[in-house]
Amino acid sequence: MKRLFITLALFIVTFASQAQNVEIPDEISLITPEDFKNSEDLLLQSIEWLNETPIDKQTKKRKEINGFVMRWLTESPSVSIEVKEGLAPLGCPDCLMAFLTGWTKYSLENNYSKNKVNCALAGIENSIELYTKNKDVIGKNSEIEKLIKKQRKGKLRDFVESKF
């Protein structure tokens, strides 16, 4: 039992330190499909860092990581995101980024899923999580609050399906 606990603790520490130590290379190539494939691990680490780091901390690094992530998302040949009004929180830039990264992370972790409902749900849930953790900095956002209510009532999936 003690060995299991130590192994689990080491895994958590290693995972947490990876999210904290993301470094975007100055000269990262994102031209060929192979470039995008080869940078997926860095992208997923970047998404994790964005999710775990409070939005008012390390703002310079957040801006750098957001730049890399946006470049990857807009030029990627493997992931395509559909932004629908009412699903993507357009009135909150950090929440919108969380929607985009949640969609992307789901797609990559599920064999490049093109299932728009599942990807959008992952994006919304990521937005809600970021919003909840950072509400004191973001302030109240009615778009996200509506999605949270639907989530609590178990109606979020139906709502997302109705948009597609």
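Reply: From the N terminus on, the elements of the protein chain run α-α-α-α-α-α-α-α. That comes to eight helices and zero strands. Helices (H or I, at least four residues) and strands (E, at least two) are DSSP runs, numbered from the N terminus. This is a predicted model, where local features need pLDDT of at least 70 and side-chain atom pairs count only at pLDDT 80 or more, while totals for chains, interfaces and linings use all residues. Residues are numbered from 1 along each chain as its sequence is written, and side-chain values use heavy atoms, with hydrogens and water left out.

The close look goes to H4. Helix H4 spans residues 59–75, 17 residues in total. Its first C-alpha and its last lie 24 Å apart, close to the 24 Å expected at 1.5 Å a residue. The expected span is 1.5 Å times one less than the number of residues.

Now its two sides. Buried means under 20% relative accessible area, exposed over 50%, partly exposed in between (1.4 Å probe, protein chains only). Lys61, Arg62, Ile65, Asn66, Phe68, Val69, Trp72 and Leu73 of H4 are buried. They sit on the same side of H4, because they cover an arc of only 165° around the axis. The arc is taken from the directions that run from the helix axis to the C-beta atoms. An α-helix has 3.6 residues a turn, so residues three or four places apart point the same way. On the other side of H4, Lys60, Lys63 and Thr74 are exposed.

Next, the loops at its ends. Gln58 is in the loop between helix H3 (40–52) and H4. Its phi is near 50°, a positive value in a residue other than glycine. Gln58 counts as partly exposed, because its relative accessibility is 46%. Glu85 belongs to the loop between H4 and helix H5 (93–109). Its relative accessibility is 68%, so Glu85 counts as exposed. Glu85 and Glu143 are 58 residues apart in sequence, yet 9.8 Å apart in space, C-alpha to C-alpha.

Of its 164 residues, 41% count as buried. Contact means heavy atoms within 4.5 Å. Among contacts with a separation of 6 or more, 61% join residues 24 or more positions apart.
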